Amino acid sequence: MTQQTDPSPPTATAEPAARPAWSLQTGPHGPCLSVRGAWTVPNGGVLPFTAADIPPPPPGTTSLSMDTAGITAWDSSFISFLWEAKQAAASAGLAFEQDGLPAPAQRLLALLPPNPAPPARHDSHKQNLLEKTGDLTLGTLNETGVVASLALDTTRGAMHALHGKSRMRTKDLITDLWNAGPNALLIVGVVNFLIGAILAFVGLVELRRFAAEIYVTNLVGIACAREISAIMTAIIMAGRTGGAYAARIATMLGNEEIDALQVFGIPISGYILLPAILSLSLMMPLLYLYGTLIGILGGFVVSMSMMDVSPVGYWISTVNGVELKEFVFGFIKAFFFGSFIALAACRVGLKAGRSAADVGIAATRAVVIGIVGIIAMDAVFAVMANALGI
Amino acid sequence: MAESDTLISVRDVELSFGPKIIQQNVSFDLKRGSIFAVMGGSGCGKSTLLKSLIGLLPPTTGRILVGGEDYWAQDEHRRTQINHRFGVLFQSGALWSSMTVGENVALPMEMFTAQPPDVVRKLVELKLGLVGMEQAIDLFPSEISGGMRKRAGLARAIALDPDILFFDEPSAGLDPITSARLDDLILTLRDGLGATIVIVSHELPSLFAIADDGIFLDARTHRPIAHGSPRDLRDHSTIPEVMAFMNRSSTIPPTDETKANQHV
């Protein structure tokens, strides 16, 4: 909207232009609104004009006319003002005389509706407590059903895969296995090494007071094998792989890729979910084992520098102190953690909206649900282990 | 007249991705107040040329002069300033999905003008009113249709009162009526805003209806092969590719030259 000005680049502004101003005079046919100055947004913003600015018209007047002779430049600011003036004239019962306006301004004004329409509001139906509870219950039941049927589909798909009848593409499975397994080795290793080292450090400082330093091997070994490595690895994988699954599926949804699969009748569970869930479920226990060993190694490195025991002695003490059942327990937990993370992430992804913002929300939600779910599941496992005396 | 009539001059521009040449020897002048069409078949580099005009992709060689300034020789800060003269309507609107339509239009104003919120709101209502979208101001992009998204994108493109508007496939994916309305809207906005328009499209009816100058890019030789308004090219061009394109013919009449070049 710079046709009346010199459209020079922003920095090359000349001497300050006259501020925009307006005044109302009484003309022969009614009030005449005369404007002058440079009506540009940078120069003066948008001047307000309301119906109250028009004095009560004397009887016999019919229109509000415009005098734009004093105007030197204009853009949106002027059009906005004209629009308000037009509305004000209409509410004062006057016709708005456009003839005095520059032709381009008339064309733009003609595009605008008579009044700014009331904006469409979102449905903000207030729910009472009963409705909310009902909605929540139904939603939870529904969600449980959907997740259960997803899990069932996937299990069935896995069974088929065992018989070599799966429709899953081997290439997808290998890619997913690679991403969920070998690609995660570094981060899982670093985190577990440091956790083992920290455990050994804290344990040694305390155990030294009782001259029971050698039991640091049991502390590090049992803690890593039974709880910490499984949980830490699961949390890492929830953030790393779960978030990626959710984002990938949500993006596929936004690009109508999921729709295309459905139209062809390619089952989403077999094509997308199965490789993802299978690879995380399979890789998670292996990562757990690896993480545990690295954690024990971390403890070993710290202990060697802080206590007076031979490396062989440390290893023998560890092997004696940590029973095999701890590893079995952690291994089983890791399998369930992996399945849960993948299933939750896929479900969150499939449920996401179709915009970029929704992809972000889906990734966040998958990570949050994954981590909280892991901790909750671990608590259940602890109770069960206690009851069974493992 | 102090200001020259040419807003953008493109001089011997070559565009490439690595060793792959997209277009070369591209030269044209964009005249003030014109509607300039960048035409050509799919994959000929129309959108790539547009990208280099709006500052997203530097050309490999050649110069793009905006108001006499060599655009790509400026630093990033200066380029951003020049970009404020541009308004771009992307192919599918490219509205920011986490913001409402109104916020989409308001963001450039909030970032680059020092206006109070009520003034910004007023201007947003105005821009959306111009494209007939004032009722959607508080809706999110996911809640409106594709045609509305395009119009909202147009409102965002004119947010800073640019004097050059770039349209990437404005009528792609729109029904003929919506597309014709968008053409009308573009013409009215051109006259009303006094803007110059660059339009990348292969929608022939829309090109014939609105464009008054243009360039035809050839995908095979990677060069522009014709200059002029689409109507003129349709009626008077003797170049086989251009004739086939403009008349929606599925076969290109073979000439000796095309036969000779087929093995290139």
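How many residue pairs are in polar contact between domain 1 of chain B and domain 2 of chain B? The count is two residue pairs, both at pLDDT 80 or more. The model is predicted. This briefing covers the interface between the two domains of chain B.

**Domain layout**
- The domain assignment places residues 1-85, 162-172 and 183-264 of chain B in domain 1.
- Domain 2 of chain B spans 92-161.
- Between the C-alpha centres of domain 1 of chain B and domain 2 of chain B, the separation is 27 Å.
- Twelve residues from domain 1 of chain B take part in the contact, along with ten residues from domain 2 of chain B.

**Buried area**
- Domain 1 of chain B and domain 2 of chain B bury about 890 Å² between them.
- Carbon and sulfur atoms give 74% of that area.
- B:His84, B:Pro162 and B:Leu185 supply 52% of what domain 1 of chain B buries against domain 2 of chain B.

**Charged and polar pairs**

**The domain 1 side**
- On the side of domain 1 of chain B that touches domain 2 of chain B, β7 (164-168) and α6 (176-193) of chain B each supply at least two residues.
- The largest share of that side comes from α6(B), with three residues.
- By class, the side of domain 1 of chain B that touches domain 2 of chain B holds eight nonpolar, two polar and two charged residues.

How values were computed: Residues numbered from 1 in each chain as written. Chains lettered and ligands numbered in written order. Predicted model: local features only at pLDDT ≥ 70, side-chain atom pairs only at ≥ 80, totals over all residues. Heavy atoms only, no water. Domains from an automatic or database assignment. Contact = heavy atoms within 4.5 Å. Buried area = accessible area lost by both parts, 1.4 Å probe. Polar contact = N/O pair within 3.5 Å; in protein donor to acceptor, adjacent residues only side chain to side chain. Helix = DSSP H or I, 4+ residues; strand = E, 2+ residues; numbered from the N terminus. Nonpolar A, V, L, I, M, F, W, Y, C, P; charged D, E, K, R; others polar.
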